[in-house]
Structures are given as structure tokens and as C-alpha cells.
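Work through the exercises below with the structure open beside you. Try each task before reading its solution.

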Amino acid sequence: MKKYVTTILTALFVSCITASAGNITDNGDGKYTIQNDKVTMTVTKDGGKILSFKYGDAEVISQTTFPNSFGSTFWTSPQKEWNWPPVPEFDRMPYQVTTDDKLVMTSEVSGRLKYQIRKEFSVDPADKAIVVAYTIINKSEETRQVAPWEITRVPNDGIIFFDAPIEDITPAGLMDFKPAFGISWYIADEAQQNRKINADGKGWLAHCAKGLLMVKKFQNLDKSQPAPEEAEIQVYVNQRKTFIELESQGAYTTLKPGESLTWTVRWYLQPCEETQPSKSFKKKVLDMIK
């Protein structure tokens with residue numbers, strides 16, 4: 001009996017070790033949670049999507065259930081190479097998963113595009129960030145050009161802002177961005193049409209709503225580096241007051257057969273009290289990403 005109990009306890013102990021790797025927890029349902037102090041990110045193997053990003057119990061990512069309206073996903077750019085709908089191997093099919101000090105998710109090779117996607121999730125406790133490194137691997141027998149593209153859906157609420165002059169936001173006047181304190185601000189509104197803008201930012205994109213400030217930091221590009229007809233920063237607002245996409249892209253890169261590119265996005269989340277553009281609001285963001 002004693003030997004039987006010892007065996008059971010040993011099995012449970014091993015199971016707990018398997019289910020948790022440092023700051024990464026296997027939830028047992030195809031979902032994994034990465035934690036950095038009070039901030040948690042939940043990722044599913046289905047599409048390798050980020051389903052949740054929370055500070056405590058407070059959620060910032062869209063939780064609607066309509067297709068292509070929730071979570072955070074990753075695509076290859078330019079979009080004109082695949083048009084619509086999103087490439088299934090990248091956006092919704094199951095990824096292979098490994099966990100150690102990082103959560104690593106690897107897609108199937110796209111039968112159409114011949115790329116494979118790898119996503120590595122880790123924490124940086126000193127920087128209070130959750131770090132997502134995206135890798136695109138050229139599995140074709142041809143030299144290709146491609147750019148990385150992250151799409152994060154949030155509720156249509158609050159303020160969106162980034163460092164770019166109003167005159168460089170295109171199409172001009174499509175969304176009501178206002179300049180203040182050297183950056184551009186957009187207060188969420190409602191319209192009976194889908195709208196999308198492009199901008200050349202300074203390597204970060206922020207959203208504040210319901211007392212939470214989310215900031216994403218990525219490579220700062222000059223105007224010549226994005227893929228054709230694309231941009232470093234994009235904001236898409238779905239018609240009516242449903243959801244908004246916060247989008248960022250990396251450099252358009254030439255990959256020989258077997259070569260890869262890796263592009264990193266650092267995710268930050270903390271409480272905020274501001275509800276209107278202010279100099280202190282801007283300082284808070286710059287302090288987060290310095």
C-alpha cells in the first residue's frame with residue numbers, strides 16, 4: 001500500500017512539473033498561460049492565437065466570438081499575396097507546442113505560401129514585459145520577400161495613440177486623429193463603415209481603455225522598409241462599435257530557401273488613470289518602453 005501511494009504521489013509530482021515551466025502553465029485544454037507578476041497572457045495552440053491579455057482579472061483583448069474579431073494573430077505581409085481569408089495554417093490550424101523556459105508554437109507549412117511560422121513566448125521580469133518572437137521560415141525552393149505582421153483585436157473603446165505626425169497618416173481624414181504633445185491620438189468612435197489607416201511610427205503602439213494601458217514595442221522602420229502597400233503601424237476599426245485591430249509590421253525581407261527572419265514584439269500592460277490625451281500619459285508610455 002505504501003509503495004502504491006508513493007507511486008501515485010510521484011506521478012502527481014511529475015505531472016505538476018510537466019504542466020508548469022517557470023512562468024508558463026499548460027492549462028490542459030490546448031491553452032497555455034504566461035505570467036509576469038500581475039500580467040497574464042493566454043495562448044491557444046489553435047492558430048497560435050493570443051486569446052487573453054490581463055492585468056489581474058481585467059481583460060484588454062476582444063473576447064467576441066464572431067470569426068476574425070477576437071484575440072491576437074499573426075500573418076505574413078503583404079496581404080495581396082493571399083488576399084482573404086487568412087492563411088489557415090497560420091491563423092486557425094493547430095500548432096505544434098513545446099515548453100521549457102519558453103512557450104514555442106510551430107505551424108504547419110502553408111501549402112499555398114510555403115512559409116512556416118514559429119512563435120516564442122517568454123517573460124522579461126525586469127522589463128515587466130511579455131515577449132513574443134515571431135519567426136517566418138521560407139520552406140519553398142525560391143527566394144522570397146516577406147514581412148511579419150501582428151494583428152491584435154481590442155474592444156472599440158478608449159484611446160489609441162502612437163508617435164507619428166497627423167499629415168503622415170493615410171488615407172487623410174478617414175479617422176479622427178488629433179495631434180497633441182508630439183504624437184497622434186484617436187478616441188474610439190462609431191461609424192457605419194470599416195476604416196483602416198497606415199502610419200510610419202516610432203516603434204510602438206498604445207491603447208488605453210477602462211483603466212488599463214497596453215503598449216506594444218517593436219522594430220522602428222523607416223518609410224522604405226514595410227512591404228508594398230503596407231505600413232509599420234495600421235489601425236482598423238470595424239463598422240459600428242464592435243472591435244478595433246491594432247496592427248504592426250516588421251521590415252520587408254528577402255529570404256533564400258531555408259532562410260528565416262525573426263521579429264520581436266514586447267507587450268506591456270499596467271493600470272492608468274488618464275482618459276484624455278496628456279503630457280503625463282505620453283511620459284508613462286515612454287517610461288514603459290525605454
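The exercises that follow concern a predicted model.

**Exercise 1. Classify the ring pair Phe-161 and Trp-185: which geometry does the pair have?**

Solution. 
- Step 1: count the pairs. The model has 16 aromatic pairs.
- Step 2: take the distance and the angle. The ring centres of Phe-161 and Trp-185 are 4.5 Å apart, and the planes meet at 20 degrees. Planes under 30 degrees apart count as stacked, so this pair is stacked.
- Step 3: Phe-161 is in strand E13 (residues 159-162) and Trp-185 in strand E15 (residues 183-187). The pair links distant parts of the chain, 24 residues apart.
- Step 4: check burial. Phe-161 has a relative accessible area of 0% and is buried. Trp-185 is buried as well, at 2%.

**Exercise 2. Now pair Phe-161 with Phe-281: which parts does this pair tie together?**

Solution. 
- Step 1: describe the geometry. Phe-161 and Phe-281 form a tilted pair, 4.9 Å centre to centre with 55 degrees between the planes.
- Step 2: Phe-161 lies in strand E13 and Phe-281 in helix H3 (residues 279-289), so the pair ties together parts 120 residues apart in sequence.
- Step 3: Phe-281 is buried, with a relative accessible area of 0%.

**Exercise 3. Explore the nonpolar cores: which strand gives the most to the largest one?**

Solution. 
- Step 1: find the central members. The largest nonpolar core has 55 residues; Met-41, Ile-50, Phe-53, Phe-121, Phe-162, Ile-244 and Trp-267 touch the most other members.
- Step 2: find the main contributor. Strand E22 (residues 260-271) gives the most, with 5 residues.
- Step 3: look for another core. A separate core has 16 residues, including Ile-159, Cys-208, Phe-281 and Ile-289.
- Step 4: return to Trp-267. The charged end of Lys-216 sits over the ring of Trp-267, 4.9 Å from the ring centre.

Note on methods. Residues are numbered from 1 along each chain as its sequence is written. This is a predicted model: local features need pLDDT of at least 70, side-chain atom pairs count only at pLDDT 80 or more; totals for chains, interfaces and linings use all residues. Side-chain values use heavy atoms; hydrogens and water are left out. Rings of Phe, Tyr and Trp (its six-membered ring) pair if their centres lie within 6.5 Å; planes under 30 degrees apart count as stacked, over 60 as edge-to-face and the rest as tilted. Helices (H or I, at least four residues) and strands (E, at least two) are DSSP runs, numbered from the N terminus. Buried means under 20% relative accessible area, exposed over 50%, partly exposed in between (1.4 Å probe, protein chains only). A charge sits over a ring if NZ of Lys or CZ of Arg is within 6 Å of the ring centre and within 35 degrees of the ring normal. A nonpolar core is a set of buried Ala, Val, Leu, Ile, Met, Phe, Trp, Tyr and Cys residues joined through side-chain atoms within 4.5 Å.
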